[in-house]
Amino acid sequence: MGHETPAIGCSRLGTLWCMRVIVDFDQCESNALCMAAAPEVFEVRDDDFLYVLQDEPSEELREKVEAAARSCPKTAITIED
Ligand code: SF4
């Protein structure tokens, strides 16, 4: 009780520091361009909604996530460090 478990795999002190992915779902039009760039993180399902599979992806996915953010015509993807 009283102790919070830190998010696994995300640490400013270790080598696994990761980013946070934020999607403005009000802007998103589910065109799946982000999924094409980073399918590990973004998935548009049959229900036509975008799902963020990892909102704190590891650093090794940064390039793909940044490409996904750039590819979004609605600029709905924000990456926070
Ligand atoms: S590229 Fe942008 S608009 Fe398209 S599904 Fe991804 S977040 Fe939504």
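Predicted model: local features only at pLDDT ≥ 70, side-chain atom pairs only at ≥ 80, totals over all residues.
I'll start with the ligand. There are 16 residues around it, and Cys28, Asn31, Leu33, Cys34 and Cys72 come nearest. By class, 11 of the shell residues are nonpolar, three are polar and two are charged. Two elements, helix H1 (33-37) and strand E2 (42-44), each supply at least two residues of that shell.

In soluble globular proteins, nonpolar side chains tend to be buried together. Here the largest nonpolar core has 13 residues, and the ones with the most contacts inside it are Cys34, Ala38, Val41, Phe42, Ala68 and Ile77. Strand E1 (20-23), H1 and helix H2 (62-71) are the elements that give two or more residues to this core. H1 gives the most, with three residues. Cys34, then, is listed both among the residues nearest the ligand and among those with the most contacts in the core.

Which residues does alanine 68 touch, leaving out those up to four places away in sequence? They are Cys34, Ala37, Ala38, Val41, Phe42 and Ile77.

Last, the backbone. Most residues other than glycine have a negative phi. Serine 30, in the loop between E1 and H1, has a positive phi, near 55°. Alanine 32 is also found in the loop between E1 and H1, and its phi is positive at about 70°.

Are these two buried or partly exposed? Serine 30 counts as partly exposed because it has 15 C-beta neighbours inside 10 Å. Alanine 32 is partly exposed too, with 15 other C-beta atoms within 10 Å.

Key:
Residues numbered from 1 in each chain as written. Near = placed C-beta within 6 Å. Helix = DSSP H or I, 4+ residues; strand = E, 2+ residues; numbered from the N terminus. Nonpolar A, V, L, I, M, F, W, Y, C, P; charged D, E, K, R; others polar. Core = buried A, V, L, I, M, F, W, Y, C linked by C-beta atoms within 7 Å. Buried ≥ 20, exposed ≤ 12 C-beta atoms within 10 Å, placed from the backbone. Contact = placed C-beta atoms within 7 Å.
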